[in-house]
Amino acid sequence: MCLGIPGEVVELHPEQPDLAKVNVSGVKRLINIGLLADDPPKPGEWVLIHVGFALSKIDEAEAAAAMAFLEGIGQAYEDEIKALQESLIE
Amino acid sequence: MRFVDEFRDADQARALAAKIAALCEPGRQYKLMEVCGGHTHTIYKHGLEDYLPESITLVHGPGCPVCVIPMGRVDDAMHLAARPDVIMTSFGDMMRVPGSSGSFFDAKAAGTDIRMVYSPLDSLKIARQNPDRQVVFMAIGFETTAPSTAMTMLRAAAEGLTNFSVFCNHVTIVPAIKAILDSPDLRLDGFIGPGHVSTVIGCRPYEFIARDYAKPVVVAGFEPLDILQSIYMLMLQLADGRAEIENQYSRVVPWNGNTVALRAIGETMELRPYFEWRGLGFISHSALRVRDKYAAMDAERLFSVPGVRVADPKACQCGEVLKGVLKPWECKVFGTACTPETPIGTCMVSPEGACAAYYNFGRVERHRVAEAVPAGSAGSAGNS
């Protein structure tokens, strides 16, 4: 739950400005970017996602390092990705 | 030295370890607390303690969201979930946390409508799909997850949803740190500060630790090198006789935190006068409740909950583990009666719990090194 998962913003939601589609390890899901309203991420930028919300912007190198770390921790990360896949955010 | 799990920067880690060892004063013992359960996970996973000299002890702190939820709150949530008009929704981590009559998983297996969600926004969607039922979100976590709950409440209000509510169990990290600092059980030399919580609250809330308690804090990232680097920064401060707040994780954590998140929390929630933490007892102003303005989304006001304080099982020493007084393997039931499959205490439930992390990485054969107080004499920290 407290894992921050890096995702690349793919596109912003055309009608809801606080939603964006992100790519996390090949899984594309909608997340909320409202917490970054002061400096909204653009497509191609990376964010750290917590329970469906982008909490901070990160650069690509940090995203790669965070992903390598998460993949190394095993089950907890797999559970988080599985939960993200089943997410219903809209 | 034993390297449990070599990681990609092991050479750099050894170099940092040598610099850390060089800073140790002969004859002095150092106790550093990593507040965050995510850090505990990294430390065990990579066997970071084995990189450190014996004079440095890492003490595991209370920063595991499900670990600190007391039995009574689980029972209250079960009471809400049992109502036929309610759909209870919860993060997966919370599902196995035992209350006095089983966990969410047990209740779900027995037919109670409890659904696992990834995000509070998923609960919102369930509410939209079930207008004739009340959808309650079991809100848990520190400042990392509180903004998500707050933003979801604001969204529900904007949509005019009337069947979504929150059973608010959000806690705040700073009062817990203060309770530990005030506890006579443990003398710490410094803190490895939480990474993601600090993304929200920034570094300023820790300033009292340096100012009033003369202890250094280094906010740290989650990779093994981040943690070793932070320990090095703490040891440098201790060697220089400094007590400052430093940010090792500045590539993610802004000094002032996330102001949008703080505003959202402030709009929807306020501090409770006190809240019970598992193992730490009642701590003043340490948790959040729903503000009056959003009373219609407060499950505690919409439905009555028993609100009964329930003592932890006698055998469980999660309290001592959460305060850092005991190491997981020093608990009487660790790995025997209490395992991740059949947890007695919360520290064995979550992957961020010290006991589960320790159990999962097979590091069970250790000798007692911490200065532990006898079992049962703890639990007084921060009582108010």
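The legends below describe close-up views of a predicted model. Local features are given for pLDDT of at least 70 and side-chain atom pairs count only at pLDDT 80 or more, whereas totals for chains, interfaces and linings use all residues. Residues are numbered from 1 along each chain as its sequence is written, and chains are lettered from A in the order in which they are written.

**View 1. The fold of chain A comprises 2 helices and 5 strands.** From the N terminus, the elements follow the order β-β-β-β-β-α-α, where helices (H or I, at least four residues) and strands (E, at least two) are DSSP runs numbered from the N terminus. Of the 90 residues in chain A, 47% are buried, that is, have 20 or more other C-beta atoms, placed from the backbone, within 10 Å of their own, while exposed residues have 12 or fewer.

**View 2. Chain A meets chain B through 30 of its residues, which are in contact with 33 residues of chain B.** Contact requires C-beta atoms, placed from the backbone, to lie within 7 Å. Strand 4 (46-50), strand 5 (53-58), helix 1 (60-73) and helix 2 (75-85) of chain A each give two or more residues to the side that touches chain B.

**View 3. Helix 1 (residues 10-23) of chain B has 14 residues.** Its buried residues include B:Ala13, B:Leu16 and B:Ile20; these cover an arc of only 65° around the axis (from the directions to the C-beta atoms), which puts them on the same side of the helix. The buried residues of helix 1 pack against helix 10 (224-240) of chain B, whereas the face turned away from the buried side carries the exposed B:Asp11, B:Ala15, B:Ala18 and B:Ala22.

Technical notes
Contact = placed C-beta atoms within 7 Å. Expected span 1.5 Å × (residues − 1).
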